[in-house]
Amino acid sequence: MESMYQLLQHRRSCRKYQPTSVSAQDIDTLLHAALMSPSSKRINPWEFIVVTDKELLEKLSHSKEHSSSFIAEAPLAIVIMANIEKSDVWVEDCSIAAILIQLVAEDLGLGSCWVQIRNRFTKNHKISSNDYVKEVLHIPDTYAVEAIISIGYKVDERKPFDEEKLQTEKIHYQHFTH
Ligand SMILES: Cc1cc2nc3c(=O)[nH]c(=O)nc-3n(C[C@H](O)[C@H](O)[C@H](O)COP(=O)(O)O)c2cc1C
């Protein structure tokens with residue numbers, strides 16, 4: 001990919017992965033990118049769990065009623081959580097780290113998808129997705145899970161964004177225009 005702009009045009013959510021594992025070097029690059037995320041007051045409330053164990057990935061695929069099943073077939077998932085006692089803007093901090101992981105994944109030729117955990121529930125609303133992931137991964141009480149990013153080599157290459165179809169009506173200049 002030549003430029004950041006082209007990378008953004010090509011980043012599309014990927015939910016189908018080749019079984020090939022992600023190299024330790026690429027995993028390190030993804031995590032170092034996350035650790036360089038901007039964070040409010042440089043508090044860095046986030047922490048990350050790297051999951052490559054098949055059994056755990058299978059368990060994580062049941063984190064939500066919908067749209068998390070593909071985690072079972074991903075070779076890698078990075079769970080993004082924060083110590084919520086450390087910062088009142090941990091959601092923003094975690095979101096920035098999450099998107100940076102996704103963009104660096106794209107740059108490394110990997111596909112990824114954000115799986116929302118915060119404010120979501122497991123099947124039949126039995127328990128919150130947050131409590132479920134915390135139990136599976138033994139995460140301490142003072143932490144909350146924001147999202148899981150599933151990562152792996154793409155099976156299909158999706159179409160890049162069409163410049164012509166961008167929602168330019170959402171942009172306002174000087175004042176809000178109706
Ligand atoms: C905050 C957030 C939560 C998301 N949660 C999920 C999810 O739980 N499961 C999923 O399959 N995709 C999830 N996505 C991916 C979106 O569905 C996807 O980004 C959107 O449909 C646009 O598609 P694109 O990423 O290919 O451009 C989430 C994305 C964001 C930003």
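User: Helices here are DSSP runs of H or I with at least four residues, strands are E runs of at least two, and both are numbered from the N terminus. With that settled, where is His-125 found?

Analyst: This is a predicted model, to start with. His-125 sits in the loop between β3 (111-116) and α5 (129-137).

User: Buried or exposed?

Analyst: Exposed. The relative accessible area of His-125 is 54%, and the cut-off for exposed is over 50%.

User: What about its phi?

Analyst: His-125 is not a glycine, yet its phi is positive, about 55 degrees. Most residues other than glycine have a negative phi.

User: Which loop holds Lys-41?

Analyst: The one between α2 (24-35) and β1 (46-51). Lys-41 also has a positive phi of about 55 degrees, and it is not a glycine either.

User: Why does Lys-41 count as exposed?

Analyst: Because its relative accessibility is 74%, and exposed means over 50%.

User: Switching to the sheet. How many strands, and in what order?

Analyst: Four strands, in the order β1-β2-β4-β3. The sheet is open and the pairing is antiparallel.

User: Which strands are at the edges?

Analyst: β1 and β3. Each of them pairs on one side only. From one strand to the next, the twist averages 25 degrees.

User: What holds strands together in general?

Analyst: Strands of a sheet pair through backbone hydrogen bonds.

User: Back to β1. How many bridges join it to β2?

Analyst: Six. β2 covers residues 76-83, and the two strands run antiparallel.

User: What stands opposite Trp-46?

Analyst: Ala-82, in β2.

User: Now the ligand. How many residues surround it, and which are closest?

Analyst: 13 residues surround the ligand. The closest are Arg-11, Ser-13, Arg-15, Lys-64 and Trp-114.

User: How does that shell divide by type?

Analyst: Five nonpolar, three polar and five charged residues.

User: Which ligand atom is 2.8 Å from an N or O atom in the side chain of Arg-11?

Analyst: An oxygen atom. For the side chain of Arg-158, the distance from an N or O atom to a ligand oxygen is 3.1 Å.

User: And how much of the ligand does the protein bury?

Analyst: 63% of the 620 Å² that the ligand exposes when taken alone.

How values were computed
Residues are numbered from 1 along each chain as its sequence is written. This is a predicted model: local features need pLDDT of at least 70, side-chain atom pairs count only at pLDDT 80 or more; totals for chains, interfaces and linings use all residues. Side-chain values use heavy atoms; hydrogens and water are left out. A residue is near a molecule or strand if one of its heavy atoms lies within 4 Å of it. A polar contact is a pair of N or O atoms within 3.5 Å; within protein, one must be able to donate a hydrogen and the other to accept it, and residues adjacent in sequence count only if both atoms are side-chain atoms. Accessible areas come from the Shrake-Rupley method with a 1.4 Å probe; for residues, only the protein chains shown count as cover. Ala, Val, Leu, Ile, Met, Phe, Trp, Tyr, Cys and Pro count as nonpolar, Asp, Glu, Lys and Arg as charged, and the others, Gly among them, as polar. Buried means under 20% relative accessible area, exposed over 50%, partly exposed in between (1.4 Å probe, protein chains only). Two strands pair if DSSP finds at least two bridges between them. Axes are lines fitted to C-alpha atoms, for helices over the stretch in contact, and angles run from 0 to 180 degrees between N-to-C directions.
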